[in-house]
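Dear colleague,

Please find below the structure I promised to pass on to you. My notes on it follow directly after.

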Amino acid sequence: MDHALRLARRGLGQVWPNPAVGCVIVKDGVVVGRGWTRPGGRPHAEAVALAQAGGAARGATAFVTLEPCAHHGRTPPCAEALIAAGVARVVTALTDPDPRVAGRGHAMLRAAGIDVVEDIRAAGAAEVNRGFLLRVTEGRPMVTLKLALSLDGRIATSSGESRWITGEAARHRVHLLRFTHDAVLVGGGTARADAPRLDVRGFGEVAQPLRIVLARGAVPPLPEGAPVWHLHGPGGAAMAGSGGIAVPVAGEGLDLRAALAALGARGLTRVLCEGGGRLAAGLLAAGLVDELVVMQAGLALGAEGRPGVGLLALSRLADARRFRLIRSFAAGPDLVSVWRPA
């Protein structure tokens, strides 16, 4: 199952709206087939592993990181494929909360006389598919907030110069983050000031993340690249050439919960937010940051520099949202730390 979980991670950022699943088929102590969900969400991991195993799947054990699907979509149910292949035993890590499955896959396998073992490495499987699980249970994607900061928490000088606060190694980590997310989100200010590419570089030919701009008003087109979605107010006009999505206005800005719900309804499971400070503050204040990645460089820009997080209107320390450190490591001369809500 550990091997299947490692395979599943290969699908992160590549398989939405589907979950990232891994499958390993073992017979007589030998791996005869393995697979993971392919870009675009199909073929599913089980289908890939069964095709590799061929006739050796008969009487074998299949280790799958998520309950095999039991419904007809663009592909037949994976539970049916495992039954037809003659698998004798299926070991799963996690029950699929999708109402179309939700135990039906396990039941189908048992009805066919297959031995089913559940909840093996469930925590690891839930970790891999945090975004998919959030979309199914809460209707929104997982949000990772990335901040590239100076020692004193600034993202640019007073004149707006920001390239580059962090070094090459840290920037490579940013591209890895983009690679493992379905989409990259920025606010209108960042889009207007930087016209960012928001693409993945340094990993060869890969599926590029969707680009999303959250802005009530007009935003100039981003550079050529992956598709762009523009989240705007109900009375606003979509950016030219983008997929315009109208979301409600809350106070002076857009309703962030509604914006994320709109993304979840369209199948997104993992969104990486890369700025700016106002959007970062809004997500933090609303409790919508599921993971915080801070890349900190060894320089100070002073109080006149532009802050990484905008106004939070906090008057009491007790009102500040707390995060707990998950891990930290050096990236060249910089420090990367990963945090989650306490």
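Gly54, which comes just after helix H2, adopts a positive phi of about 60 degrees. The model is a predicted one, and this applies to everything that follows.

Helix H2 itself spans residues 45-53, and its buried residues are Ala45, Glu46, Val48, Ala49, Leu50 and Ala53. Among the elements that cover these buried residues are strands S1, S2 (30-36) and S3 (61-64), together with helix H3 (78-84).

S17 (residues 323-331) runs antiparallel to S18, and the pairing extends over 8 bridges. Within S18, Val336 has Phe329 opposite it. S18 (residues 334-341) also pairs with strand S15 (residues 291-296), again in the antiparallel sense, over 5 bridges. Here Trp339 of S18 faces Leu292 as its opposite residue.

I turn next to the aromatic residues. Trp36 has the charged end of Arg38 over its ring, 4.2 Å from the centre. Arg10 likewise lies over the face of Trp36, with a distance of 4.5 Å from the ring centre.

As for pairs between rings, the model contains 2 aromatic pairs. One of them joins Trp16 and Trp229 in an edge-to-face arrangement, at 6.3 Å centre to centre and with 90 degrees between the planes. Because Trp16 sits in the loop between helix H1 (2-9) and strand S1 (22-27), while Trp229 belongs to strand S10 (residues 228-232), this pair ties together parts that are 213 residues apart in sequence. Trp16 is partly exposed, its relative accessible area being 25%, whereas Trp229 is buried, at 17% relative accessibility.

Phe179 and Phe203 form a pair as well: their ring centres are 5.7 Å apart and their planes are at 10 degrees, so this pair is stacked. Phe179 is part of helix H7 (residues 168-179) and Phe203 lies in the loop between helix H8 (188-194) and strand S9 (210-214), so the parts tied together here are 24 residues apart in sequence. Phe203 is partly exposed, with a relative accessibility of 28%.

With kind regards

How values were computed:
Residues numbered from 1 in each chain as written. Predicted model: local features only at pLDDT ≥ 70, side-chain atom pairs only at ≥ 80, totals over all residues. Heavy atoms only, no water. Phe/Tyr/Trp six-rings, centres within 6.5 Å; stacked < 30°, edge-to-face > 60°. Helix = DSSP H or I, 4+ residues; strand = E, 2+ residues; numbered from the N terminus. Buried < 20%, exposed > 50% of the residue type's maximum accessible area, 1.4 Å probe, protein only. Lys NZ or Arg CZ within 6 Å of the ring centre and 35° of its normal. Contact = heavy atoms within 4.5 Å. Pairing = 2+ DSSP bridges.
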